[in-house]
Amino acid sequence: MSGESVSGSAGQAADVQAADVATAGLEGPGLFVVVEGGDGAGKTTQLDLLQRWLQEQGHDVERTREPGGTTVGESIRELVLEHGRGEVDPRTEALLFAASRAAHVAQRIRPAVRRGAIVLCDRYIDSSIAYQGAGRGLGVEDVASINSWATEGLVPDLTILLDVEPSTAARRRAEREGAADRIESADEAFHGVLRAAFLDRAAAAPEKYLVLEAAAPAEQLHQAIRPALEDLVASHPGLAQRSGGA
Ligand SMILES: Nc1ncnc2c1ncn2[C@@H]1O[C@H](COP(=O)(O)OP(=O)(O)O)[C@@H](O)[C@H]1O
Ligand SMILES: [Mg+2]
C-alpha cells in the first residue's frame with residue numbers, strides 16, 4: 001500500500017474515517033474485494049451468493065477470476081495449463097501468473113474501480129504467494145515483490161479468506177468432481193502449507209481480511225460476509241448503481 005499520496009484524497013473524503021482515507025479515493029470510487037482459499041474451500045459458491053446479493057441492491061458488480069480475466073490472461077492460462085505441471089518450471093510459472101495479473105489489473109480491475117464498480121475477484125496475489133511462494137518454495141517475499149510490481153501495488157479493500165481443513169476441501173473437491181474421496185498424505189501436507197501461508201497473509205494485515213472458518217454451511221458463511229460488505233459500501237459513497245438496475 002502506497003501511503004505517500006494520501007493527502008491528495010483527504011479533502012474529498014470529509015466524512016470518511018481517517019483510517020479509510022488511505023484507500024477510499026486513491027484508486028477510484030469503487031471497491032476491490034477478493035475471495036481466497038484453497039481449491040474446494042467454497043470460493044465460487046460464496047462469490048455467487050455475494051454477487052447476487054449486491055446486484056439485488058442495484059450495485060454495478062464486476063465479477064472476475066484469476067488467472068484469466070483478459071484475452072492475454074486467458075492465453076497465458078492456456079499456456080500454463082497446456083504444458084502441464086512439471087513442464088513449466090516454477091519461476092516461469094510465477095512470472096506468467098504475474099504477467100496475467102498485470103493485464104487483469106490494468107485492463108479490467110482498475111478501470112472497474114474507477115467507474116465505481118464493486119469488483120469481486122476469485123483469487124489474487126495471495127494465491128501466488130501461497131502456491132508459488134510457499135508451496136513451490138520460491139519464497140514468499142520474492143513472489144510478493146514481483147506481484148506488487150506487476151499490479152503497481154493494487155491491494156484489495158477486503159480479502160475474504162475461506163479457511164478450511166485440507167481434508168474438508170478434498171471431500172468437497174471430490175463431491176464437486178464426482179471423484180473418489182481420497183487424499184494422499186503428500187497432498188494433505190502440501191495443502192497444510194498453503195493454508196498456513198494464507199493465514200500468515202491475513203495475520204500481517206488483519207484490518208484488510210475477513211477470515212472465516214469455512215466448514216460452516218454456505219448460507220451461514222454468506223450471512224457472516226454481508227456485514228463486512230455493508231461497512232465497506234457505507235464508507236464508499238461514490239459507488240455506481242447499474243443503469244436501469246434491478
Ligand atoms: N459451506 C459449504 N458447505 C458444504 N459444501 C460446500 C460449501 N461451500 C461449497 N460447497 C461445495 O463444495 C464444492 C466446492 O465448492 P466451490 O465453491 O466450487 O469451491 P472453490 O471455488 O473454492 O474451489 C462444491 O461442490 C460446493 O457445492
Ligand atoms: Mg472455484
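Is Gly 38 buried or exposed? Gly 38 is buried, because 27 other C-beta atoms lie within 10 Å and 20 or more are enough to count as buried. This is a predicted model. The chain has 246 residues, and 35% of them count as buried. Its secondary structure comes to 10 helices and 5 strands.

**Overall fold**

- The 5 strands form an open sheet. Their order is E2-E3-E1-E4-E5, and the pairing is parallel.
- Strand E2 (61-65) and strand E5 (209-213) are the edge strands. Each of them pairs on one side only.
- From one strand to the next, the twist averages 15°.
- Contacts between residues 24 or more positions apart make up 77% of the chain's contacts with a separation of 6 or more.

**Strand pairs inside the sheet**

- Strand E1 (residues 31-36) runs parallel to strand E3 (residues 118-122), and 5 bridges join them. Leu 31 stands opposite Ile 118 in E3.
- E1 also pairs with E4, again in the parallel sense, over 4 bridges. Here Val 34 stands opposite Thr 159 in E4.
- E4 and E5 are parallel too, with 5 bridges between them. Thr 159 stands opposite Tyr 209 in E5.
- Helix H10 lies across E1, strand E4 (158-163) and E5. H10 runs at about 170° to E5.

**Around ligand 1**

- Ligand 1 is surrounded by 14 residues. The closest are Gly 42, Lys 43, Thr 44, Thr 45 and Arg 172.
- Three helices each supply at least two residues of this shell: H3 (43-56), H8 (166-177) and H10 (218-234).
- By class, the shell holds 4 nonpolar, 5 polar and 5 charged residues.

- The unreviewed UniProt entry places a "binding site" feature at Gly 37, Gly 38, Asp 39, Gly 40, Ala 41, Gly 42, Lys 43 and Thr 44.
- Gly 38 sits in the loop between E1 and H3. Leaving aside neighbours within four places in sequence, Gly 38 is in contact with Val 164, Ala 169, His 191, Leu 194 and Arg 195.
- Gly 42 has its place in the loop between E1 and H3. Gly 42 counts as buried because it has 24 C-beta neighbours inside 10 Å.
- Not counting residues up to four places away in sequence, Gly 42 touches Leu 162, Ala 214, Ala 218 and Leu 221.

- Most residues other than glycine have a negative phi, and most peptide bonds are trans. The following places depart from that pattern.
- The peptide bond from Glu 66 to Pro 67 is cis, with omega near -10°. Pro 67 is found in the loop between E2 and helix H4 (71-83).
- Arg 123 is not a glycine, yet its phi is positive, at about 75°. Arg 123 lies in the loop between E3 and helix H6 (125-135). Arg 123 is buried, because 22 other C-beta atoms lie within 10 Å.
- Glu 152 is not a glycine either, and has a positive phi of about 50°. Glu 152 is in the loop between helix H7 (140-150) and E4. Glu 152 counts as exposed, because it has 11 C-beta neighbours inside 10 Å and 12 or fewer make a residue exposed.

Terms used. Residues are numbered from 1 along each chain as its sequence is written. Chains are lettered from A and ligands numbered from 1 in the order in which they are written. This is a predicted model: local features need pLDDT of at least 70, side-chain atom pairs count only at pLDDT 80 or more; totals for chains, interfaces and linings use all residues. A residue is near a molecule or strand if its C-beta atom, placed from the backbone, lies within 6 Å of it. Ala, Val, Leu, Ile, Met, Phe, Trp, Tyr, Cys and Pro count as nonpolar, Asp, Glu, Lys and Arg as charged, and the others, Gly among them, as polar. Two strands pair if DSSP finds at least two bridges between them. Axes are lines fitted to C-alpha atoms, for helices over the stretch in contact, and angles run from 0 to 180 degrees between N-to-C directions. Two residues are in contact if their C-beta atoms, placed from the backbone, lie within 7 Å. UniProt positions are given in the numbering used here, feature names are shortened, and annotations may be inferred rather than shown by experiment.
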